[in-house]
Amino acid sequence: MTARPDRAPFAVGPAVATALTLGLALGFAWWNPAQNRWPALALVLALGLDAAARIVARAVRRRTGVQTEIRGVPSPMLALGNAMGIGAGVVAVASALRPDLFPLLASALAGLVAMGACARLALARMVVAIEAAEREAAEAKKAEKRGEGTGR
């Protein structure tokens, strides 16, 4: 089995990172619901938005054949793989050391996950719009050629 060249050898996949982050949010919400309920809910909702955005991006990729995954410039964070998994790990470790920081860290992670999901949805929307415009232009060109051929 060969490793994909665009992934770090120890990177976790998006599904694993989502499951770990969801477990983290639910665990802290169960442990101290008075303090962690709303930040955990924000994180769970951001994960839902991210999952929906990934489904939409996959559907657009199948329909258009255009790669709709967001790939960043090389950086230490992106070299480690899925940034959401890294974010969840940082939140888990920091929250284990200082449980009172979970609301702040979970809210920040929820915002980052939601921004990534919105960017993914925006990219998918742009791909669909461009593909539709190209299809319309090709149809107009065909209609124009048919119109010129009959007029001579």
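Begin by selecting helix α2, residues 33–64, in this predicted model. The helix comprises 32 residues and reaches 44 Å from its first C-alpha to its last, close to the 46 Å expected at 1.5 Å a residue. Centre the view on Pro-39, where α2 has a kink of about 25 degrees. Pro-39 is also one of the buried residues of α2, which include Asn-36, Ala-40, Leu-43 and Asp-50. Moving past the end of the helix, select Gly-65, which follows α2 and has a positive phi, near 80 degrees.

Next, display the largest nonpolar core, which has 14 residues. Those touching the most other members are Leu-24, Ala-40, Leu-43, Val-91, Phe-102, Leu-109 and Val-113. Two or more residues each are given to this core by α1 (14–31), α2 and α5 (102–151), and the largest share, 5 residues, comes from α5. Select Val-91: beyond its neighbours within four places in sequence, it is in contact with Leu-24, Phe-102, Leu-105 and Leu-109.

Finally, select Phe-28, Trp-31 and Phe-102, which form one aromatic cluster. The structure holds 2 aromatic pairs. Phe-28 and Trp-31 are edge-to-face, at 6.0 Å centre to centre and 85 degrees between the planes; being 3 residues apart in helix α1, they are separated by about one helical turn. Phe-28 is buried, with a relative accessible area of 14%. The rings of Phe-28 and Phe-102 are stacked, because their centres are 4.4 Å apart and their planes at 5 degrees. Since Phe-28 lies in α1 and Phe-102 in α5, this pair ties together parts that are 74 residues apart in sequence.

Key:
Residues are numbered from 1 along each chain as its sequence is written. This is a predicted model: local features need pLDDT of at least 70, side-chain atom pairs count only at pLDDT 80 or more; totals for chains, interfaces and linings use all residues. Side-chain values use heavy atoms; hydrogens and water are left out. Helices (H or I, at least four residues) and strands (E, at least two) are DSSP runs, numbered from the N terminus. The expected span of a helix is 1.5 Å times one less than its number of residues. The bend at a residue is the angle between axes fitted to the seven residues ending there and the seven starting there. Buried means under 20% relative accessible area, exposed over 50%, partly exposed in between (1.4 Å probe, protein chains only). A nonpolar core is a set of buried Ala, Val, Leu, Ile, Met, Phe, Trp, Tyr and Cys residues joined through side-chain atoms within 4.5 Å. Contact means heavy atoms within 4.5 Å. Rings of Phe, Tyr and Trp (its six-membered ring) pair if their centres lie within 6.5 Å; planes under 30 degrees apart count as stacked, over 60 as edge-to-face and the rest as tilted.
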